[in-house]
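Dear colleague,

I am passing on the structure that we spoke about, and below it you will find my notes on what turned up in it. Please read them with the structure open beside you.

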Amino acid sequence: MTSCSFDRLLGLALVTSLAACAVDAPAPDAAALDARRRLIRASLDVRGIRPSLEELDQVKSDPDAVDGLVEGFVDHPGFARRVRAIFAPALRTRRDEISIEGEAFGLDAEDEGRFAEAVTEEALNLIADVAVADRPFTEILTADYTVIDEILVAGWPVVPAEPASTNDGLVRAHYVDGRPAAGVLATNAFFWRHRSTLENANRGRANAISRAFLCEDYLERPIDFPSDIDLSDADAIENAIDHNAACQACHATLDPLASHLWGFMVLTEDASAVSRYHPENERMWQPQTGAAPAFYGRPTDGSLATLATAIANDPRFVSCVVRRSYEALLGRPAALEDEGQLAAHREVFLDSGLSFKRLVQSLLHDPAYRGLAEASAFGGTPAPVADKLVSPELLQTSLEALTGYRMTIDGRDVTRVDAALRAFAGGSESGPTATPSLGQHLTQRRLAEGAADHLVTGAGADSVLGQLLAALPRETPPDPDALTPLLRVAQGDPPDLARRRDAATQLWRDVADSDGPAAAWAALLTALLADPDLAIY
């Protein structure tokens, strides 16, 4: 992966330049990040925004200050949003559509987008609430409350909790339909996403839980599947599950896990029924599978709360949280060489009483995260991360923080909807891509164009760049020195600032000569924000 020159970008050959760079330029050798790049990387990963001028100045004058600065990022309001992003690929609840329409709950058609967003974010909201409050992270599985958008309060079987409001305007609420206290496992969002037929008997749901919270995916197990089973015959399938050794290798633990989940089994699309838990169905496992509830060989009372507690107490849960967080911040899958560092971060997490903030702070100091190839005290030398690709969601949030511009479809961020820009940019409900692509670059370009127009028309006057822009003349060529703060904050104080500043001034003059000052400012701002260098951090 590499970045293209600012001069080529200012020549407006954006697509051609990216393709040429991706194909022709060799990948750089891994190298330690300097203080400036560490600041930018941590700010994007933990807050979802680029550093301020004040922070850039502080690190420029005292590079050692970056350690304290980045540790404080976990207390920023944007941290909740980044926690959601870390766990969204695990839960896979962020989908374009849900099976139930908001109209069934008395909402108007214009509320459909917000309703879908509210449903798909519920479980992630609860995880973020626990992380931000710095409570033991097992509470994501044992909490007796949920966290929802207020649009859901009237139609769902909930009452506000105490305190009801969160810092980002959401509502803490208690379900009042008899469902057990089981944190994320008791949310409508999780079970609306992971549906089950009567024949599947909650097995898909059980695997979704195992995959998300234990990092154990039954579908990835090597299985010598019998070729003589008639998959069109339900009785033949059930007989194989009960008696075939190859099938039993998974189903012996999967089916008892699934037996805890029958309270969410609903054989209708009625909105009232689907939004409620059904205690009367909890023992449907008896006639359906006959698999008594158990957790990996240990019998349980069958309660969803008991299952959630068993997962929270399983050492694999802590290891899974550490692995998911490590992979999210490094931007790559963990390999065998990473196992030593995973163990080191796990110890920090345990010693902190399962503080997710402390885990993130530990990860920010990880040698590989900082671009260093260092052997772990627990064994292995993880591959250093010299460059990371900005995710579609980070493109959106960082631009919004700089310019005040937010591109939406039906009230939802375009980078979180496949039908808009998420899939085009290389993302999905399973997470962002780590591979640069033309779609990712064109998404950045489109967002940059919208943000530039937003600033030029004055709509973003109160934003970071809007306030800096207000100090510059609009009808005459900008003084190169006066452009310095604008470039520094937009592009993270690049080492070749003077060259970029002079090129930006010349671009303004060239466009103004043909299309006027307003178009010149739009072109200059688009060039700054669409620079491929900003897609790599």
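A word on exposure comes before anything else: a residue is called buried when its relative accessible area is under 20%, exposed when that area is over 50%, and partly exposed in between, with a 1.4 Å probe and protein chains only. Please keep in mind that this is a predicted model, in which local features need pLDDT of at least 70 and side-chain atom pairs count only at pLDDT 80 or more, while totals for chains, interfaces and linings use all residues. Residues are numbered from 1 along each chain as its sequence is written, and side-chain values use heavy atoms, with hydrogens and water left out.

The chain as a whole

If a contact is taken as heavy atoms within 4.5 Å, then 67% of the contacts with a separation of 6 or more are between residues 24 or more positions apart. The accessible surface, from the Shrake-Rupley method with a 1.4 Å probe and, for residues, with only the protein chains shown counted as cover, comes to about 22100 Å², and 51% of it belongs to carbon and sulfur atoms.

The disulfide

The structure holds 1 disulfide, a term that stands for a pair of cysteine sulfur atoms within 2.5 Å. The two partners are C215 and C320, with 2.0 Å from S to S, and their link is right-handed, with 80° about the S-S bond. Because C215 lies in the loop between α10 (203–214) and α11 (234–243) and C320 in helix α16 (residues 315–330), the bond ties together parts that are 105 residues apart in sequence. C215 is partly exposed at 30% relative accessibility, whereas C320 is buried at 3%. Another cysteine, C250, is buried at 9%.

Salt bridges

Side chains of opposite charge can pair when their charged atoms come close. Counting a salt bridge wherever a side-chain nitrogen of Lys or Arg is within 4 Å of a carboxyl oxygen of Asp or Glu, I find 38 salt bridges. In one of them, R203 meets D255 with the closest N and O atoms 2.8 Å apart; R203 lies in helix α10 and D255 in helix α12, so this pair ties together parts that are 52 residues apart in sequence. Both ends are buried, R203 at 8% relative accessibility and D255 at 6%.

R501 and D481 meet at 3.4 Å, N to O, and they link R501 in helix α23 (residues 497–515) to D481 in the loop between α21 (464–470) and α22 (484–491), 20 residues apart. R501 is buried at 16% relative accessibility, but D481 is exposed at 53%. D531 and R500 meet at 2.7 Å, N to O, and since D531 lies in the segment after α24 (517–529) and R500 in helix α23, the pair ties together parts that are 31 residues apart in sequence. Both D531 and R500 are buried. Elsewhere, salt bridges that share partners join R94, E117, E121, E393, R406, R412, D413 and R416 into one network.

Aromatic rings

Rings of Phe, Tyr and Trp (its six-membered ring) are paired here if their centres lie within 6.5 Å, and planes under 30 degrees apart count as stacked, over 60 as edge-to-face and the rest as tilted. By this rule there are 15 aromatic pairs. F105 and F115 have ring centres 5.6 Å apart and planes at 40°, so they are tilted; F105 is in the loop between α6 (79–91) and α7 (112–133) and F115 in helix α7, and both are buried. The rings of F191 and F264 have centres 3.9 Å apart and planes at 10°, so this pair is stacked; it links helix α9 (residues 188–193), where F191 is found, to the loop between α12 (245–258) and α13 (271–274), which holds F264, 73 residues apart. F191 is buried at 2% relative accessible area, and F264 is buried at 6%. One aromatic cluster is formed by F79, F87, F137, F349 and F356.

Note on methods
Helices (H or I, at least four residues) and strands (E, at least two) are DSSP runs, numbered from the N terminus.
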